[in-house]
Amino acid sequence: MGTGHFFWVIFYFASLCSASLANNAKINFREKEKKVLDQILGAGKYDARIRPSGINGTENLPTYVYVNMFLRSISKIDDYKMEYSVQLTFREQWTDERLKFDDIQGRLKYLTLTEANRVWMPDLFFSNEKEGHFHNIIMPNVYIRIFPNGSVLYSIRISLTLACPMNLKLYPLDRQICSLRMASYGWTTNDLVFLWKEGDPVQVVKNLHLPRFTLEKFLTDYCNSKTNTGEYSCLKVDLLFKREFSYYLIQIYIPCCMLVIVSWVSFWLDQGAVPARVSLGVTTLLTMATQTSGINASLPPVSYTKAIDVWTGVCLTFVFGALLEFALVNYASRSGSNKANMHKENMKKKRRDLEQASIDAASDLLDTDSNATFAMKPLVRHPGDPLALEKLRQCEVHMQAPKRPNCCKTWLSKFPTRQCSRSKRIDVISRITFPLVFALFNLVYWSTYLFREEEDETF
């Protein structure tokens, strides 16, 4: 056997021996870990019903529990039920002097448990919770780590549906603050105190996506409550959500503007087109009413007026006003036609009377004394004289002419007072008045609610 071959044989046996020693070391290490667990949590050695002592084992001081969390997702924010759903990893950390153990020269960093009932647990609950559940796929998403100095870290993944009282006065230009409140159920502040972990107590997953909201910021605070049974420690985190306006601009505001503008088309139709104008007005009115009812169906029945109520109410008023305008035009057209017919009849009657008077006057002149050598020219003309008729027409035109013409009367003079001219004037005035008033409303509406939104943001 050569020297090289002998060397490889020795190396092979040495490798086997080292692997065997490593496995034995691991086995021994796990055995020591088991012994440590039995030593601190064995039967008759640890009672999970007893609250840990305070700092440095002081019995008179409360147990301090430090809380932090990781927001994994926010699935929905329901305006109608005034609630929101969140999934988070919740962590608590406290010190239990009874759980100290030897770390085997730094080799045993911590012990891991999956059964929460093995150690004492704070009686924390979420005070504004409506529904909640743990996650058990594939295994229960919970662990407890016990460190050599007696520090205990409890971590669990939970999903919660929490109440979120909302103020919808500025809807959909609003911001909402939804809180997450945690408090002790049975231990008073003399025994248990919750504190936010120093540094970064609340973490949020990157690229958090919400369908109609944006998480602008969050604030942590304390909310201790006093009752007749004592004072209880409480923590809260306020989540500030801003509603995304682009969705409502496309789905509500632009369609309402289009319906209002379509209702103005009737001003440009002939007043005689009664079926077209009535069908246009009724269709736009029913469509606007359906749009309004659809918007209110997704919102709770609150006692105050919302910004969207002002918008839909004014748009509905404009559409209804366009329909009433046609009713006024139709009435003015019919009354003007009747007056014109009566005026024509009166003028014809006057003309017949004047012509008859002229004929009678001429016959009277022929019947006078034939011996007269000349006829005196009358100082005052007879009513039947053609010159008198001409002066009468001039006087009528002069009485109808405006005494003080201005720009508005000059523009309206294009529609003289004849048959159906009054109804035409109403249509022409509506073509200008309705768009101007609607534009003024938009200016006041957006300046008011956007300014109030900025005030709320600074607050």
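## Overall make-up

Of the protein's 459 residues, 34% count as buried. The model is a predicted one. Its accessible surface comes to about 29200 Å², and carbon and sulfur atoms hold 60% of that area. The secondary structure consists of seven helices and 14 strands.

Among contacts with a separation of 6 or more, 77% are between residues 24 or more positions apart.

## Annotated transmembrane regions

An unreviewed UniProt entry places the feature "transmembrane region" at residues 6-25, 245-269, 310-332 and 432-451. Two of these spans can be set beside the computed geometry. Residues 310-332 are 100% helix and 0% strand, with the end C-alpha atoms 32 Å apart. The span 432-451 is likewise 100% helix and 0% strand; its end C-alpha atoms lie 29 Å apart.

## Aromatic pairs and the cluster

A pair of aromatic rings is described by two values, the distance of the centres and the angle of the planes. The structure holds 25 aromatic pairs. One of them joins W311 and W446, with 5.9 Å from centre to centre and 50° between the planes, a tilted arrangement. W311 belongs to helix 4 (residues 307-366) and W446 to helix 7 (residues 421-458), so this pair ties together parts that are 135 residues apart in sequence. W311 has 0% relative accessibility and therefore counts as buried.

The rings of F438 and F441 also form a tilted pair, because their centres are 6.2 Å apart and their planes stand at 40°. Both residues lie in helix 7, three residues apart, which is about one turn of the helix. F438 and F441 are both buried. These two phenylalanines, W311 and W446 are members of one aromatic cluster, which also takes in F245, Y253, W264, F267, F318, F434, Y445 and Y449.

## Charges over rings

Two contacts of a charged side chain with a ring can be described here. The charged end of R431 sits over the ring of W268, 4.1 Å from the ring centre. K169 lies over the face of Y304, at 5.8 Å from the centre of that ring.

## Salt bridges

Side chains of opposite charge can pair when their charged atoms come close. The count for this structure is 14 salt bridges. In one of these, R277 and D427 meet at 3.0 Å, N to O. R277 is buried, with a relative accessible area of 1%, and D427 is buried with a relative accessible area of 1%.

K236 and D238 form another salt bridge, at 3.7 Å from N to O. K236 has 15% relative accessibility and so counts as buried. D238, at 17%, counts as buried too. The side chains of K100 and E97 meet at 2.8 Å, N to O. Here K100 is partly exposed, with a relative accessible area of 43%, and E97 is partly exposed at 30%. D79, D174 and R243 are linked in a network of salt bridges.

Technical notes: Residues numbered from 1 in each chain as written. Predicted model: local features only at pLDDT ≥ 70, side-chain atom pairs only at ≥ 80, totals over all residues. Heavy atoms only, no water. Phe/Tyr/Trp six-rings, centres within 6.5 Å; stacked < 30°, edge-to-face > 60°. Helix = DSSP H or I, 4+ residues; strand = E, 2+ residues; numbered from the N terminus. Buried < 20%, exposed > 50% of the residue type's maximum accessible area, 1.4 Å probe, protein only. Lys NZ or Arg CZ within 6 Å of the ring centre and 35° of its normal. UniProt positions renumbered as here; feature names shortened; annotations may be inferred. Contact = heavy atoms within 4.5 Å. Areas by Shrake-Rupley, 256 points an atom, 1.4 Å probe, with all protein chains shown as cover. Salt bridge = Lys/Arg side-chain N within 4 Å of Asp/Glu carboxyl O.
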